[in-house]
Amino acid sequence: MRGADGERARPRWVLAGVGVAAGFIAGLFGVGGGIFIAPGLMLLGGFRQRIAHGTSLATSALFAAAGVVAYALNDAVDVVAASLIFAGSGLGVLAGVELLNRVRIRTLQVVFVLLLAVTAGRMLAGTAEAAGELSLTVAVAFGLVGCGVLVGLVAGLMGVGGGVIVVPALVLLFELGDVTAKGTSLLVVLPTAIVGTLRNLRNDNVDLRGALVIGAGGMLSAFGGGMLAGVIPSPVSSALFAALLIVIALRMIRDMLREPGQPPDSSSGTRGPGPDPPSAGGGGGRLV
């Protein structure tokens, strides 16, 4: 990153702080953490929209790796269910990252806000704790693969690991226990995020340096969040998470109302004045 020493330090400290908070959220709720990372990178780190989503997905892989270890220690991971979901998400994420370069930035922002709102509603509504294990049938197997396709699309397009879909789907549709659903979700997020990140690297939509800074700040907190998942009362943790998502969504809505819509990047093959302008620091929304 360019600029004076003070200018270099602030973004790195900001990103590390985003990583600590997002890592804890990732571990505690069984999500990749991208639901917090992407807007944090844009609002606090000055990252461009597509770079923020690609970097967020890369960081989700680091958080998922740390979080899933905590759940595995508590025997709260269903490997079979995770494998079936990834069979679909591995394909869906490739389609999602390709769409990332073809969707209007304003459309991407609106969809992200809607995703935040839906997730907040799900958290506020709460979920009933299911005591049983997953009963695997042919229909259930196809359902898990189909869920994975949707998870992959969301992961590749929005820069999130997809846990906001996996956890409620496993609990509400497949009657898996809440804690096991979170651990299984993180196991799905890990390879899904890796596949999406490899494709994003080819499209130059990832800031690996920023991802490492965020990951270094959040992997330990992701592990801690995973260990605490079974301790904090579900209604309290759900309400806090929903409140956080609502605050982020409102902030993004405010920014969208302040700025005119941006046309597609010229690299997408559609009309537009050109790529996003570089940030004030000269790094173009990256740590360089």
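**Figure 1. The whole chain, helix after helix.** Helices here are DSSP runs of type H or I with at least four residues, numbered from the N terminus. On that basis this predicted model holds 10 helices and 0 strands. Read from one end of the sequence to the other, the pattern is α-α-α-α-α-α-α-α-α-α. The chain has 288 residues, of which 53% count as buried. Its contacts reach across the sequence: among those between residues at least 6 apart, 82% join residues at least 24 apart.

Figure 2. The mean pLDDT of the protein chain is 77, and 80% of the residues score at least 70. Over residues 1-10 the pLDDT is below 50, and this stretch has 14 contacts in the model beyond near neighbours in sequence. Residues 261-284 also stay under 50, with 35 contacts beyond four places in sequence.

Figure 3. The 25 residues of H3 reach 36 Å from first C-alpha to last, close to the 36 Å expected at 1.5 Å a residue. How many of these 25 residues are buried? The count is 20, so H3 is largely enclosed by the rest of the structure. After H3 comes Asp75, with a positive phi near 55°. Most residues other than glycine have a negative phi, so this is a backbone angle to look at when you inspect the model. Asp75 sits in the loop between H3 and H4 and counts as exposed, at 70% relative accessibility. A positive phi, of about 60°, is also found at Asp204, again not a glycine. Asp204 belongs to the loop between helix H8 (178-202) and H9.

Figure 4. H4 covers residues 79-100, and its 22 residues should span 32 Å at 1.5 Å a residue; the end C-alpha atoms are 29 Å apart, which agrees. Where is the kink in H4 centred? Look at Phe86, where the helix bends by about 30°. At the start of H4, a side-chain oxygen of Asp78 comes within 3.2 Å of the backbone nitrogen of Val80. The buried residues of H4 include the glycines Gly88, Gly90, Gly92 and Gly96. Also buried are Ala81, Ala82, Ile85, Ser89, Val93, Val97 and Leu100. For reading such a list, recall that an α-helix has 3.6 residues a turn, so residues three or four places apart point the same way.

Figure 5. The largest nonpolar core has 68 residues, and Leu116, Leu144 and Leu170 touch the most other members. H1 supplies the largest share of this core, with 9 residues. Leaving out residues up to four places away in sequence, Leu116 touches Ile35, Leu245, Ile248, Ala249 and Met252. A second, separate core has 6 residues, among them Leu57, Ala61, Val97 and Ala155. Val97 is also one of the buried residues of H4.

Figure 6. Ser221 lies in helix H9 (residues 208-228). Is Ser221 buried or exposed? Its relative accessible area is 15%; the cut-off for buried is under 20%, so Ser221 counts as buried. A polar atom of the Ser221 side chain lies 2.8 Å from the backbone oxygen of Val20. A polar atom of that side chain also lies 3.3 Å from the backbone nitrogen of Phe24. Beyond residues up to four places away in sequence, Ser221 touches Gly19, Val20, Gly23 and Phe24.

Figure 7. Leu228 is found in helix H9 and is partly exposed, with a relative accessible area of 36%. Which residues does Leu228 contact, leaving aside neighbours within four places in sequence? They are Phe24 and Leu28. Leu228 and Phe24 are 204 residues apart in sequence, yet 9.5 Å apart in space from C-alpha to C-alpha.

Note on methods: Residues numbered from 1 in each chain as written. Heavy atoms only, no water. Helix = DSSP H or I, 4+ residues; strand = E, 2+ residues; numbered from the N terminus. Expected span 1.5 Å × (residues − 1). Bend = angle between axes of the 7 residues up to and from the residue. Buried < 20%, exposed > 50% of the residue type's maximum accessible area, 1.4 Å probe, protein only. Polar contact = N/O pair within 3.5 Å; in protein donor to acceptor, adjacent residues only side chain to side chain. pLDDT = per-residue confidence, 0-100. Contact = heavy atoms within 4.5 Å. Core = buried A, V, L, I, M, F, W, Y, C linked by side-chain atoms within 4.5 Å.
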